[in-house]
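Thanks for coming. I will go through one ligand site and then one residue elsewhere in the chain.

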Amino acid sequence: MTAQEVVAVGQTPSSGGEVLLRATDVSKHYTLRPDGLARRRRVLRAVDGVSLEVRTGETLGVVGESGCGKSTLGRCLVRLTELTGGRVEFDGKDITGLSSRRLRPLRPGMQLVFQDPQASLNPRRRAGDIVAEPLLVHRYGDAAAVRRRVAELFDVVGLSSAHRDRYPHEFSGGQRQRIGIARALATEPKLIVADEPVSALDVSIQAQVLNLFADLQERFGLTYVFIAHDLGVVRHVSDRIAVMYLGEIVELGATEALFGAPAHPYTEVLLSAVPDIDDGTGTAEASRRERVVLSGEVPNPVNKPTGCPFRTRCAHARDLCARERPSLTGTASGRLVACHYPLAG
Ligand code: ADP
Ligand code: MG
């Protein structure tokens with residue numbers, strides 16, 4: 001199978017739109033300065049050969065432990081960082097090598113929502129000015145038009161436009177994230193990469209913000225790449241989920257298929273850590289699953305294990321796993337898994 005065919009297998013019938021975003025073998029490696037211990041140049045492989053497609057109107061969840069490369073991948077997808085290798089196509093255009101000048105007209109179409117609105121919103125600017133900024137950058141219109149659009153955006157994200165003169169610290173965490181979302185929506189993007197947008201919020205507020213994402217998607221036909229370290233969070237918003245480990249996708253498939261029967265041992269571990277969800281039937285899912293605990297720590301991405309990156313922590317690892325890196329391959333059930341001995345087909 002070619003890389004293209006492999007990616008196509010990971011599509012579910014529900015994701016019927018055109019391909020809006022396509023990543024092919026994307027890598028981002030950081031060259032670290034030599035330190036006293038290691039005089040050689042060390043290379044940190046933050047993202048290591050990721051291929052995926054996202055169709056218009058779809059949500060692709062991206063999950064994995066902290067440090068596995070989710071944010072770096074998110075920045076690669078919207079070209080906020082240069083790739084070390086591979087290609088990203090957005091809306092039918094190869095954006096991999098575009099200069100910032102050539103990228104500029106495409107920027108409004110792809111926006112990022114950050115994890116921590118406290119850190120990503122300028123504390124010295126008023127909320128209304130923060131939301132207006134992308135409009136001014138992309139020459140939306142005269143002052144009156146910008147003002148109208150800002151009021152509209154406040155309304156869309158459920159904030160009172162009477163609060164546009166307030167500063168970020170005068171809002172609650174959930175409201176601050178709404179400001180971040182309004183700013184991302186200002187230029188009418190097609191794609192939003194949301195990087196752990198609810199991780200910094202109280203659990204009681206998370207559901208409200210997740211519902212807002214869902215409403216906005218329906219209303220504006222948005223396409224999301226939704227990043228989280230918590231599978232429980234992405235489950236509710238994602239059509240498909242990509243599971244990352246040490247910069248690689250180890251499993252990619254429809255959300256329900258993945259929750260129903262994880263194919264990669266790492267997915268199984270992540271799933272077993274999802275707290276019980278009381279679905280009203282009295283059979284909370286996680287309690288039916290056996291809890292699988294990971295041994296050891298995540299290896300350093302500077303010294304990735306040979307063969308399968310997960311093998312040093314995998315309960316099912318055999319000799320082959322140390323010798324050969326498993327490639328992401330389609331299974332009979334239509335998902336992709338990078339494992340020599342998958343748990344499900
Ligand atoms: P995640 O978002 O999944 O927590 P990141 O993408 O932030 O992971 O980081 C992936 C890896 O890349 C980590 O090991 C991190 O330390 C490293 N990394 C991220 N940004 C840089 C950078 N600018 N320079 C060097 N290493 C980096
Ligand atoms: Mg991150």
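A polar contact here is a pair of N or O atoms within 3.5 Å; within protein, one must be able to donate a hydrogen and the other to accept it, and residues adjacent in sequence count only if both atoms are side-chain atoms. The model is predicted, so local features need pLDDT of at least 70 and side-chain atom pairs pLDDT 80 or more, while totals for chains, interfaces and linings use all residues. Residues are numbered from 1 along each chain as written, chains are lettered from A and ligands numbered from 1 in the order written, and side-chain values use heavy atoms, without hydrogens and water.

Start with ligand 1. A polar backbone atom of Gly67 is 2.6 Å from an oxygen atom of the ligand. For a polar side-chain atom of Ser71, the distance to a ligand oxygen is 2.8 Å, and for one of Thr72 it is 2.5 Å. Of the 560 Å² of accessible area that ligand 1 has on its own, the protein covers 66% (Shrake-Rupley method, 1.4 Å probe).

Now the shell, meaning residues with a heavy atom within 4 Å of the ligand. Among them are Tyr30, Lys70 and Pro301. Helix α2 (70–77) and strand β2 each give two or more residues; these elements are DSSP runs, H or I of at least four residues for helices and E of at least two for strands. The largest share, three residues, comes from α2.

Strand β2, residues 42–55, also holds Glu53. Is Glu53 buried or exposed? Glu53 is buried, at 5% relative accessible area, where buried means under 20% and exposed over 50% (1.4 Å probe, protein chains only). The Glu53 side chain makes a polar contact of 3.1 Å with the side chain of Arg22.
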